[in-house]
Amino acid sequence: MINKIKKLTSLIFLIILSQSLLTACNPSNIQEAEHAGDEQKTKDILQNAGLNVDSVDDAVLKAEKAAQSGKMDLAQLYYIKAYDLEPTNVRVLQKMADLYTDLKKYDLAEVSLKLILQQQSGDIKATEQYGLLLIKQKKYPDAEKHLAQVVAKQQSWSAYNGLGIIATLQGDYLKAESFFKKADSISPNSPELLNNIGFALYSADKLTEAAPYYLKALQINPGFKKAVYNYALLQARLSNYEQAHSAFAKVSSPAEANNNTGYIAMMNGDYAEANTYLQEAINISPKFYKKANDNLKRLETLEQQ
């Protein structure tokens, strides 16, 4: 079974490497290595690139140093060598999963985490990391299943937060609110969680309830752009247009801040305020701000109805 897993994952890793821009390695050498014997594949690549290691620990150490120096292609090569030496080494697989996740190579991170879970199906850390990774890959049902397994065994703010994100994306905002608040009870005063609670409440049309969460998030982290933008949306929905415009202006251009405020005022039916902000957006950027012109034309149509 291990040899079968090793053969499969070595092939996947090698294919990815053959597509990378490896300055230390000639692509033709990689292609030749792909057709060599299983035991020689990674060894040939490393030797041709002038990369030799004495042990798994040596490979991991060199991979970590390469990553710290920003040499991510080199780090991947060393980790693959470590994997080739010990394909069942969970520590190596975990480090590979972390690196691939940081590099947004989610397919390879998934392979690494699956290998861990094949050996240790009850590994909570790997299960949670896998569930959160599946969210990034938009595989929501599988993500929900794995994160539910985590919270059934231990209270984890990140797992609850992940479940809240899934519920939000599925349009179940009350369920999302519940998950986010459970996460907040475990890890209070997280701007991310406070913003998520606020957004779930906002999406459920609990507008006045959402405001304190955004304000608390911004008290903790005034520069949190997502919370600033969401707070601006909320104020606009509440017809507090000056506050909305002021908040939008912190995270967008002057023309966009006026357009956003004007657009929501139009959706609220406050046509006079909408006209003021949309006209200002056009005055600021008459040539390039097509969006404001389009919204103003839409406003004119609504006013005539």
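**A close look around the aromatic pairs**

Modeller: Start with a proline. Pro-212 has its place in helix α13. Its relative accessibility is 47%, so Pro-212 counts as partly exposed. Asn-195 is 17 residues away from Pro-212 in sequence, and the two C-alpha atoms are 9.9 Å apart in space.

Helix α14 covers residues 225-237, which is 13 residues. From first C-alpha to last, α14 reaches 18 Å, close to the 18 Å expected at 1.5 Å a residue. Its buried residues are Ala-227, Val-228, Asn-230, Tyr-231, Ala-232, Leu-233, Leu-234, Gln-235 and Ala-236. The cover over these buried residues includes α12 (191-203), α13 (207-220), α15 (241-251) and α16. Just after α14, Ser-239 takes a positive phi of about 70°.

Next, the rings. Three aromatic pairs turn up in a search of the whole structure. One of them is Phe-199 with Tyr-202: the ring centres are 6.3 Å apart and the planes meet at 25°, so this pair is stacked. The cut-off that decides this is 30 degrees, under which planes count as stacked. Both residues belong to helix α12, three residues apart, so about one helical turn separates Phe-199 from Tyr-202. In general, an α-helix has 3.6 residues a turn, so residues three or four places apart point the same way. Phe-199 is partly exposed, at 31% relative accessibility. Tyr-202 is buried, with a relative accessible area of 13%.

Another pair is Tyr-229 with Phe-248, and this one is edge-to-face. Its centres are 5.4 Å apart, with 70° between the planes. Tyr-229 lies in helix α14 and Phe-248 in helix α15, so the pair ties together parts that are 19 residues apart in sequence. Tyr-229 is partly exposed, with a relative accessible area of 32%. Phe-248 counts as buried because its relative accessibility is 0%.

A third residue joins that pair. Asn-260 touches both Tyr-229 and Phe-248, leaving aside residues up to four places away in sequence. Asn-260 is found in helix α16, residues 254-268. Its relative accessible area is 12%, so Asn-260 is buried.

Arg-237 places its charged end over the ring of Tyr-202, 5.1 Å from the ring centre. Arg-237 falls within the range of α14, residues 225-237, while Tyr-202 belongs to α12.

Last, the setting. The protein chain has 18 helices and zero strands. Of its 305 residues, 48% are buried. Among contacts between residues at least 6 apart in sequence, 48% join residues at least 24 apart. The chain exposes about 15600 Å², and carbon and sulfur atoms supply 50% of that.

And the confidence. Mean pLDDT for the chain is 85, with 82% of residues at 70 or more. Residues 15-38 stay under 50, and the model has 33 contacts for them beyond four places in sequence. Where pLDDT is low, the predicted coordinates should not be read in detail.

Notes. Residues numbered from 1 in each chain as written. Predicted model: local features only at pLDDT ≥ 70, side-chain atom pairs only at ≥ 80, totals over all residues. Heavy atoms only, no water. Helix = DSSP H or I, 4+ residues; strand = E, 2+ residues; numbered from the N terminus. Buried < 20%, exposed > 50% of the residue type's maximum accessible area, 1.4 Å probe, protein only. Contact = heavy atoms within 4.5 Å. Areas by Shrake-Rupley, 256 points an atom, 1.4 Å probe, with all protein chains shown as cover. pLDDT = per-residue confidence, 0-100. Expected span 1.5 Å × (residues − 1). Phe/Tyr/Trp six-rings, centres within 6.5 Å; stacked < 30°, edge-to-face > 60°. Lys NZ or Arg CZ within 6 Å of the ring centre and 35° of its normal.
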